[in-house]
Amino acid sequence: MGDCMTYIILDLEWNGAYSKRAHGYFNEIIEIGAVKMDESLTQKDTFHAVIRPVVSRKLSSIVKNLTGIEASELEEGRSFPQALSQLRKWISDPEAVVMTWSTTDILVLLENCRYFLKEDRIPFINYYVDLQAYCQSVMDMGSSQQIGLGKVGEILGINGEELAMHRALDDSIMSGKVFAHIFEQNSFRLHVKKADDDFYGRLLFKTSIISDINDDHVNKSDFRFRCDACNRRLRRTSKWVFRSRTFCAEFFCRGCNRKYSARVQIKLKYDGAQTNRKLIVQPEEQDKAQDNEKTAE
Ligand SMILES: [Zn+2]
């Protein structure tokens, strides 16, 4: 990245359709909107293309209602390869940082590049930032729930009244306003990803839940527990069963006479297995133990 920065914020609209060629559901892009900003974070230019769908001419009612795009508008659109080559020329700067609101848009863009261009990479993205993730980190919102663009605009007090939500150009303009509002040089730098093999591997990786206790990623010690109260090693009193995407078993402490339920969930992420363990005291048994103590007194 040089000193003369170009920021591109992209937004897409697509129509879900069944594709014989893709042997399944395909998200066909029907509109591309983008804004270009320089290092002063002012909007320098915009790009807008309506794309004539070829996989399915029929818009789903969800898309029709969400975007308000008319079939007649799409009929006058360009082809996807045409629109993409125009977008590439418009971006022009190979060092540009391209952003989208969450990675869904670039996943769909990649899907369309594969389908129409037989490319496994998005040809004009060399540096990328997930603007939604960046926004949530700057605004201290955590990452467990994804927040909508409209909501963020509201929180930041950005006036978007003249903008139509869920149309690609207006959404990209709104994203640009949010970006200019929250941008901080140092934190932003940390979110810029080089679009290399690792980037695409991560993007396409689907996190899964391990359901086989003998899986190679399972660490046996994650299935052993100690008593919260006396730190004694707990004795397992049931088999491990897998339900609600979690391994469950019952445990018992001989020292405290307490019964426990243990839960272990293992997610297989791009960077490896991530284990989440929980140990819950069974309440009635705890009361009983206290009653026993009382009678003993
Ligand atoms: Zn104990």
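This is a short tour of the structure, stop by stop, with something to select at each one.

Before you start, note that the model is predicted: local features need pLDDT of at least 70, side-chain atom pairs count only at pLDDT 80 or more, and totals for chains, interfaces and linings use all residues. Residues are numbered from 1 along each chain as its sequence is written.

**The two domains.** Colour 6–204 as domain 1 and 209–296 as domain 2; these bounds come from an automatic or database domain assignment. Their C-alpha centres lie 44 Å apart.

Next, select residues 97–100 (E4) and 127–130 (E5), parallel strands joined by four bridges. Helices (H or I, at least four residues) and strands (E, at least two) are DSSP runs, numbered from the N terminus, and two strands pair if DSSP finds at least two bridges between them. Follow the chain from E4 through helix H4 (residues 104–117) to E5 and you trace a right-handed β-α-β crossover; with the strands pointing away from you, the path from the first strand over the helix to the second runs clockwise. Now pick Tyr128 in E5, the bridge partner of Val98. Tyr128 also stands opposite Lys193 in E6; E6 (residues 193–194) pairs with E5 in the antiparallel sense over two bridges.

**The cores.** Show Ile8, Ile9, Ile32, Val98, Met99 and Leu131, the residues with the most contacts inside the largest nonpolar core, which has 46 residues. Such a core is a set of buried Ala, Val, Leu, Ile, Met, Phe, Trp, Tyr and Cys residues joined through C-beta atoms within 7 Å; buried means that 20 or more other C-beta atoms lie within 10 Å of a residue's own, with C-beta atoms placed from the backbone. Centre on Met99: beyond its neighbours within four places in sequence, its contacts (C-beta atoms, placed from the backbone, within 7 Å) include Tyr7, Val129 and Phe179. Then move to a second, separate core of 10 residues, among them Phe247, Phe251, Cys253 and Ile266.

**Helix H7.** Select residues 168–182, whose first and last C-alpha are 21 Å apart, close to the 21 Å expected (1.5 Å times one less than the number of residues). How many residues of H7 are buried? The count is 11 of the 15, so the helix is largely enclosed by the rest of the structure. The buried ones include Ala168, Ile173 and Phe179, and their cover includes strands E1 (6–19) and E4 and helices H5 (131–138) and H6 (149–156).

Terms used: A residue is buried if 20 or more other C-beta atoms lie within 10 Å of its own, exposed if 12 or fewer, and partly exposed in between; C-beta atoms are placed from the backbone. Two residues are in contact if their C-beta atoms, placed from the backbone, lie within 7 Å.
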